[in-house]
Amino acid sequence: MIEALFNQPNYVATKKMMDATALRHEAIASNIANVETPNYRRIDVPTTFADELKSAIATQDVQKISSLTPFITEDSSAIAATRDGNTVQLETELMNLNQNTIAHTLETELASGTLMRLRMAITGRTS
């Protein structure tokens with residue numbers, strides 16, 4: 001019975017979003033670390049993952065949501081701004097880092113809210 005609580009589409013989707021933002025955070029950190037590495041190509045979680053996740057969430061099919069796995073790939077749209085061939089722009093990465101941090105905070109709050117409701121249902125109190 002407890003497994004059914006954690007197999008709700010919204011909870012599984014929130015966990016997948018958290019997986020993606022954690023992986024994106026790694027990509028951003030790698031990009032920042034390599035900002036001065038010649039010929040380094042920017043990496044990121046592709047936007048197609050977000051589209052696929054939105055589509056899976058719309059179906060409310062837990063198995064479809066669970067089957068999605070975020071991954072990191074080279075950003076083919078990134079263009080080198082300098083002659084060294086590096087496609088990382090520090091200002092853009094810092095902005096992405098802030099946005100990703102906010103997204104992860106929101107996703108954490110969503111997952112925590114589910115767990116707090118479960119605790120309240122079991123104990124009858126919020127803390």
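**Overall fold**

The model is predicted. Its chain holds five helices and two strands, and the order of these elements from the N terminus is α-α-β-α-α-β-α. The radius of gyration is 18 Å, whereas the globule rule gives 14 Å for 127 residues; the value is well over the rule, so the chain is more spread out than a compact globule. Along the principal axes, the C-alpha atoms occupy a box of roughly 60 × 30 × 15 Å.

Of the 127 residues in the chain, 29% are buried. The chain exposes about 8300 Å², and 58% of this area comes from carbon and sulfur atoms. Among contacts with a separation of 6 or more, 74% are between residues 24 or more positions apart.

**The α2 and α3 pair**

Helix α2 spans residues 9–33 and helix α3 spans residues 47–59. The axes of α2 and α3 come within 11 Å and cross at roughly 175 degrees. Because angles over 145 degrees count as roughly antiparallel, α2 is roughly antiparallel to α3. On the α2 side, the contact is made by Ala13, Lys16, Met17 and Ala20; on the α3 side, Phe49, Leu53 and Ile57 take part. The residues of this contact comprise six nonpolar, no polar and one charged.

**Two residues with positive phi**

Asn39 and Gln60 each have a positive phi. Asn39 is not a glycine, yet its phi is about 65 degrees. This residue lies in the loop between α2 and β1, the latter being residues 43–44. Gln60 is also not a glycine, and its phi is about 60 degrees. Gln60 sits in the loop between α3 and α4, where α4 covers residues 62–67.

How exposed are the two residues? Asn39 has 57% relative accessibility and therefore counts as exposed, the cut-off for exposed being over 50%. Gln60, at 40% relative accessibility, counts as partly exposed.

Key. Residues are numbered from 1 along each chain as its sequence is written. This is a predicted model: local features need pLDDT of at least 70, side-chain atom pairs count only at pLDDT 80 or more; totals for chains, interfaces and linings use all residues. Side-chain values use heavy atoms; hydrogens and water are left out. Axes are lines fitted to C-alpha atoms, for helices over the stretch in contact, and angles run from 0 to 180 degrees between N-to-C directions. Helices (H or I, at least four residues) and strands (E, at least two) are DSSP runs, numbered from the N terminus. Angles under 35 degrees count as roughly parallel, over 145 as roughly antiparallel, 65 to 115 as roughly perpendicular and the rest as oblique. Contact means heavy atoms within 4.5 Å. Ala, Val, Leu, Ile, Met, Phe, Trp, Tyr, Cys and Pro count as nonpolar, Asp, Glu, Lys and Arg as charged, and the others, Gly among them, as polar. The radius of gyration is taken over C-alpha atoms; the globule rule is 2.2 Å times the number of residues to the power 0.38. Buried means under 20% relative accessible area, exposed over 50%, partly exposed in between (1.4 Å probe, protein chains only). Accessible areas come from the Shrake-Rupley method with a 1.4 Å probe; for residues, only the protein chains shown count as cover.
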